[in-house]
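Subject: Structure handover

Hello,

Here is the structure for your files. Please open it alongside this note; what I found follows below.

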Amino acid sequence: MTVEGSTIKSRIKNLLRSPSIKLRRSKALNNKENLTNKVTLEKVLGITAFGNRALACDPRSGLVAYPAGCVVVLLNPKKNKQHHILNSSRKTITTLSFSPDGKFVVTGESGHMPAVRVWDVAERTQVAELQEHKYGISCVAFSPNSKYIVSVGYQHDMIINVWAWKKNIVVAANKVSSKVTAVSFSDDSNYFVTAGNRHVKFWYLDHTKSSKVNATVPLLGRSGLLGELRNNFFSDVACGKGRKASSTFCITSSGLLCEFNDKRLLDKWVELRTSQATSLSVTDDLIFCGCADGTVRAFSPVNLHFICTLPRPHCLGTDIATVVEAR
């Protein structure tokens with residue numbers, strides 16, 4: 001039996017070594033390579049956004065970016081055409097943001113040892129990478145001067161990094177124990193503000209700019225003075241612009257629009273009259289608040305006076321040619 005067993009094994013080995021088997025294997029590999037070269041991603045249906053930090057728009061080109069798994073979809077809404085950036089790590093993309101000039105997009109991801117990646121929008125290729133988080137990245141943002149990228153980790157990650165991405169070094173870092181869902185830079189790039197669960201904090205970069213050593217320094221942070229609103233969940237934040245550049249605006253998930261003055265004091269707030277508020281956008285002349293049921297309300301940044309509620313988009317499947325009056 002042993003002789004017969006060894007004979008069968010030797011026959012199988014000889015068979016696997018035969019030229020015909022090798023030829024079949026090489027053909028299968030070539031077919032697989034050819035198929036890979038022929039298959040391209042044409043269109044993505046759906047979105048995997050965990051919050052407003054996973055949706056970005058380039059105001060210069062009008063390009064909209066959002067994640068779908070490990071893919072960044074770059075949508076041109078005017079032409080209804082998509083381009084795609086594929087994350088080579090295959091990790092799920094959780095947050096993204098455009099650079100001020102629209103030439104780059106920065107992404108954060110989840111999973112073990114997630115990376116902050118910078119992509120060239122035109123070439124759709126990766127140009128920089130930073131791995132300083134452990135579990136996941138909740139939000140990322142470019143500074144207005146494009147020198148820095150700030151990345152905030154998940155609550156259990158407990159780290160916030162300021163990255164001089166062109167030099168590929170972390171210039172400042174600190175711990176943050178709260179759940180952070182939003183970040184916004186000041187117009188002069190001197191500080192940024194994070195917001196989240198019972199959390200609004202101002203982080204200052206002045207001392208990092210004066211540092212001559214290429215080493216990470218502690219990031220200086222000061223908490224916002226929340227007063228009687230300290231138990232709220234601050235769902236989004238935006239630093240003021242123009243004559244209101246010294247102010248910072250936040251919204252709470254319960255439906256309040258708040259203003260912090262230049263002393264970090266929350267001294268004004270108004271009700272949005274909604275069951276939930278989720279997003280915020282600030283210009284020189286207007287504040288737009290995204291609320292429940294697709295409602296968008298506009299306010300004045302000067303005095304927080306209500307201006308108007310924007311018309312809602314038509315329902316899917318509606319023939320707009322038959323609509324004769326606004327609703």
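**Ser143 and its loop**

Ser143 sits in the loop between strand E9 (137–142) and strand E10 (149–153). Strands (E, at least two residues) and helices (H or I, at least four) are DSSP runs, numbered from the N terminus. This is a predicted model: local features need pLDDT of at least 70, side-chain atom pairs count only at pLDDT 80 or more, and totals for chains, interfaces and linings use all residues. Residues are numbered from 1 along each chain as its sequence is written, and side-chain values use heavy atoms, with hydrogens and water left out.

Is Ser143 buried or exposed? Ser143 has a relative accessible area of 0%, so it is buried. Buried means under 20% relative accessible area, exposed over 50%, and partly exposed in between (1.4 Å probe, protein chains only).

The side chain of Ser143 makes a polar contact of 2.5 Å with the side chain of Asn145. A polar atom of the Ser143 side chain also lies 3.3 Å from the backbone nitrogen of Lys147. A polar contact is a pair of N or O atoms within 3.5 Å; within protein, one must be able to donate a hydrogen and the other to accept it, and residues adjacent in sequence count only if both atoms are side-chain atoms. Setting aside neighbours within four places in sequence, Ser143 is in contact (heavy atoms within 4.5 Å) with Pro100, Tyr148, Phe185 and Ser189.

**Aromatic pairs**

The structure holds 8 aromatic pairs. Rings of Phe, Tyr and Trp (its six-membered ring) pair if their centres lie within 6.5 Å; planes under 30 degrees apart count as stacked, over 60 as edge-to-face and the rest as tilted.

Take Tyr191 and Tyr204. Their ring centres are 5.8 Å apart and their planes stand at 45°, so this pair is tilted. Tyr191 is in strand E14 (residues 191–196) and Tyr204 in strand E15 (residues 199–204), 13 residues apart, and the pair links distant parts of the chain. Tyr191 is buried at 13% relative accessible area. Tyr204 is partly exposed at 23%.

Phe202 and Phe260 form an edge-to-face pair, because their planes are at 70°, with ring centres 6.0 Å apart. Phe202 is in strand E15 and Phe260 in strand E20 (residues 256–260), 58 residues apart. Phe202 and Phe260 are both buried. Ring pairs join Tyr191, Phe202, Tyr204 and Phe260 into a cluster.

**A sheet and a strand residue**

An open sheet of 4 strands runs in the order E1-E2-E3-E4, with antiparallel pairing. Its edge strands are E1 (56–57) and E4 (81–86), each pairing on one side only. Two strands pair if DSSP finds at least two bridges between them. E1 and strand E2 (residues 64–68) pair over 2 bridges in the antiparallel sense. Cys57 stands opposite Val64 in E2.

Lys268 lies in strand E21 (residues 266–271). Lys268 is partly exposed, at 33% relative accessibility. Its C-alpha atom is 8.8 Å from that of Asn303, 35 residues apart along the chain. Beyond its neighbours within four places in sequence, Lys268 is in contact with Leu257, Cys258, Glu259, Val302 and Leu304.

**Whole chain**

The protein chain has 3 helices and 25 strands. Of its 327 residues, 43% are buried. Among contacts with a separation of 6 or more, 39% are between residues 24 or more positions apart.

Best wishes
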